[in-house]
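User: Please examine the model below and answer a series of questions about its architecture and side-chain contacts.

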Amino acid sequence: MGNNGLRILLVDDDKDLLDLLKYNFRKEGFQVKTVSRASKAIAAALDFLPDLIVLDVSMPDGNGIDVCMAIRRISALRDTFIFILTAREAHSSRERALETGADDFIEKLSGLRVLTNKVNAVLKNNFVIKNGVPGLASNELVVDRKAQVVYLNDREMAISAPEFEILFFLMQN
């Protein structure tokens, strides 16, 4: 068994995507469980006790953000990493997901490689990506997570979204 038995729970109503992710994560050495309904996610998480949960934001029987909020209230799952997956970029959904305890918000269009890389960074390499952190500061540099803004010497810096994510990640690690 690779990756020291690290477990991933995948929750999405798209069976083809679940099969693809399951195949790829198993190939990386993770134990994987899949669930196709939001209503079954919490019971599956309590049974499987995953290290990371990937939740689709929008499923016919529920919302991944609501499931995330419920999971954050369960002590046995409180420290489980949660990634929210979405088919569309909606700033309000991203903000709400991060405010309710999700550790990352990933567009499906970004591709499987982005998700796999982020999972590996968190689980295999023990890097910590906590997007629930409202902001970070170091000397004259301030990173405001909620507003997605960076200040250097009290001046707002113009940086792209990928640059923001890299800076936020590096400041945490």
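Analyst: A polar contact is a pair of N or O atoms within 3.5 Å; within protein, one must be able to donate a hydrogen and the other to accept it, and residues adjacent in sequence count only if both atoms are side-chain atoms. This is a predicted model, in which local features need pLDDT of at least 70 and side-chain atom pairs count only at pLDDT 80 or more, while totals for chains, interfaces and linings use all residues. Residues are numbered from 1 along each chain as its sequence is written, and side-chain values use heavy atoms, with hydrogens and water left out.

User: Which residue caps the N-terminal end of α3?
Analyst: Helices (H or I, at least four residues) and strands (E, at least two) are DSSP runs, numbered from the N terminus. At the N-terminal end of α3, a side-chain oxygen lies 2.6 Å from the backbone nitrogen of isoleucine 65. The residue that supplies this oxygen is asparagine 63.

User: How many of the nine residues of α3 are buried?
Analyst: Buried means under 20% relative accessible area, exposed over 50%, and partly exposed in between (1.4 Å probe, protein chains only). The buried residues of α3 are Gly64, Ile65, Val67, Cys68, Ala70, Ile71 and Arg72. The helix is largely enclosed by the rest of the structure, because the number of its residues that are buried is seven.

User: Which side chain does aspartate 103 join in a polar contact?
Analyst: Aspartate 103 lies in the loop between α4 (91-99) and β7 (104-107). With a relative accessibility of 2%, aspartate 103 counts as buried. Its polar contact of 2.9 Å is with the side chain of arginine 72.

User: How many residues does the largest nonpolar core have?
Analyst: A nonpolar core is a set of buried Ala, Val, Leu, Ile, Met, Phe, Trp, Tyr and Cys residues joined through side-chain atoms within 4.5 Å. In the largest one, the residues with the most contacts inside it are Leu9, Val11, Ile53, Leu55, Ile82 and Ile84. At least two residues of this core come from each of β1 (7-11), α2 (41-48), β3 (52-56), α3 (64-72) and β6.

User: What separates the C-alpha atoms of isoleucine 84 and glutamate 107?
Analyst: Isoleucine 84 is placed in strand β6 and is buried, at a relative accessible area of 0%. Isoleucine 84 and glutamate 107 are 23 residues apart along the chain. Their C-alpha atoms are separated by 8.5 Å.

User: Is lysine 15 buried or exposed?
Analyst: Lysine 15 forms a salt bridge with aspartate 19, their closest N and O atoms being 2.8 Å apart. About one helical turn separates the two, because they are four residues apart in helix α1 (residues 15-27). Aspartate 19 is partly exposed, at 38% relative accessible area. Lysine 15, with a relative accessible area of 56%, is exposed.

Definitions and conventions: A salt bridge is a side-chain nitrogen of Lys or Arg within 4 Å of a carboxyl oxygen of Asp or Glu.
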